[in-house]
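Trainee: I have a new model open on my screen and would like to walk through it with you. Shall we take it one question at a time?

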Amino acid sequence: MKTKKTVLLIDDHPVLRAGIKTTIEDEGSFEVVGEAGTASQGLMLAQKLCPDVAIVDLTLPDKNGIQLTKDIINSVQNTNIMILSVHSKIDYVIKSVKAGAKGYVIKESASECIIKCLKHISQGRQFIDHSLSDQLCELMNGIEIPVNDTDSDRYGTLTGREQEVLRLFAEGHQPKIIAEKLCISLKTVATHKNNIMKKIGVNTVTDMIKYAANIGIIDFDQWKEGLVLG
């Protein structure tokens with residue numbers, strides 16, 4: 001029998017939690033193993049249960065969901081965070097993703113998106129609510145990819161394995177998934193990533209992905225679409 005992925009619900013509205021729990025458990029692939037109405041309770045349960053996914057309300061009585069996301073990531077290994085929020089401004093999405101959240105779903109579309117989001121982020125991918133796609137694409141369209149004649153030359157300095165790692169990062173895979181695909185350790189993935197960034201002259205994974213798009217490893221518009229749809 002296939003083991004179900006575990007989910008922790010952290011939201012201060014019991015009725016909403018009940019509805020989300022029903023939606024999740026009716027699907028069959030996930031099991032809600034705990035519920036909390038405050039950030040402090042949620043952190044305690046996350047540390048105790050180590051769920052595969054924690055669904056975190058952005059607005060909690062004792063602490064905001066962005067800070068709670070950071071607290072969980074810093075104290076619990078292998079728990080992916082999905083933000084559930086009434087806020088549809090792209091600023092909240094950006095802050096949530098920077099804090100480490102892998103998914104962002106608006107409460108009014110939770111019944112449509114929550115299972116899809118859970119499946120995506122439990123596989124190490126990102127998912128942003130489709131209702132935010134216009135705002136996100138507008139933001140991404142403002143990003144310019146610099147053209148540099150030496151880009152291809154820099155790519156040639158990468159080893160074959162480093163080129164594989166670069167492509168997988170560019171396709172949106174998380175380090176854990178890359179490690180599994182290439183049958184290497186997370187530490188080795190991190191080493192390859194650092195070597196790649198040093199060789200191509202960038203400082204962040206986002207810049208590394210822009211570089212990959214610039215030299216044709218991925219299509220930048222496809223990458224934007226993939227980020228929006230998960």
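Trainee: Where is Cys183 placed?

Mentor: Good place to begin, and keep in mind that this is a predicted model. Cys183 has a phi near 55°, a positive value in a residue other than glycine. Its place is in the loop between helix H9 (175-182) and helix H10 (186-200).

Trainee: Is Cys183 buried or exposed?

Mentor: The cut-off for exposed is over 50% relative accessible area. Cys183 has 70% relative accessibility, so Cys183 counts as exposed.

Trainee: Which loop holds Asn78?

Mentor: Most residues other than glycine have a negative phi. Asn78 is not a glycine, yet has a positive phi of about 65°. With 54% relative accessibility, Asn78 counts as exposed. The loop is the one between helix H3 (65-75) and strand S4 (80-85).

Trainee: Which feature does UniProt place at Asp57?

Mentor: Let's locate the residue before turning to the record. Asp57 lies in strand S3, residues 53-57. The UniProt entry, which is unreviewed, gives the feature there as "modified residue: 4-aspartylphosphate".

Trainee: Is Asp57 buried or exposed?

Mentor: Leaving out residues up to four places away in sequence, Asp57 touches Ile10, Asp11, Asp12, Gly65, Leu84 and Lys107. A polar atom of the Asp57 side chain also lies 3.3 Å from the backbone nitrogen of Thr59. Buried means under 20% relative accessible area. The relative accessible area of Asp57 is 3%, so Asp57 is buried.

Trainee: What is the order of the strands in the open sheet?

Mentor: The sheet has 6 strands, with parallel pairing. Its edge strands are strand S2 (30-36) and strand S6 (127-128), each pairing on one side only. Reading across, the order is S2-S1-S3-S4-S5-S6.

Trainee: Over how many bridges do S4 and S5 pair?

Mentor: In this pair, Ile83 stands opposite Tyr104 in S5. S4 and strand S5 (residues 103-106) pair in the parallel sense, and the number of bridges is 4.

Trainee: What angle does helix H1 make with S2?

Mentor: Helix H1 (residues 14-27) packs on the sheet, where it touches strand S1 (5-10), S2, S3 and S4. Another helix, H5 (residues 110-122), lies across S1, S2, S3, S4, S5 and S6, running at about 165° to S4. For the direction of H1 against that of S2, the angle is about 165°.

Trainee: Which elements do the buried residues of H3 pack against?

Mentor: At the start of H3, a side-chain oxygen of Asn64 reaches to within 3.0 Å of the backbone nitrogen of Ile66. The buried residues in H3 are Gly65, Ile66, Leu68, Thr69, Asp71 and Ile72. They pack against S1, H2, S3, S4 and H4.

Definitions and conventions
Residues are numbered from 1 along each chain as its sequence is written. This is a predicted model: local features need pLDDT of at least 70, side-chain atom pairs count only at pLDDT 80 or more; totals for chains, interfaces and linings use all residues. Side-chain values use heavy atoms; hydrogens and water are left out. Helices (H or I, at least four residues) and strands (E, at least two) are DSSP runs, numbered from the N terminus. Buried means under 20% relative accessible area, exposed over 50%, partly exposed in between (1.4 Å probe, protein chains only). UniProt positions are given in the numbering used here, feature names are shortened, and annotations may be inferred rather than shown by experiment. Contact means heavy atoms within 4.5 Å. A polar contact is a pair of N or O atoms within 3.5 Å; within protein, one must be able to donate a hydrogen and the other to accept it, and residues adjacent in sequence count only if both atoms are side-chain atoms. Two strands pair if DSSP finds at least two bridges between them. Axes are lines fitted to C-alpha atoms, for helices over the stretch in contact, and angles run from 0 to 180 degrees between N-to-C directions.
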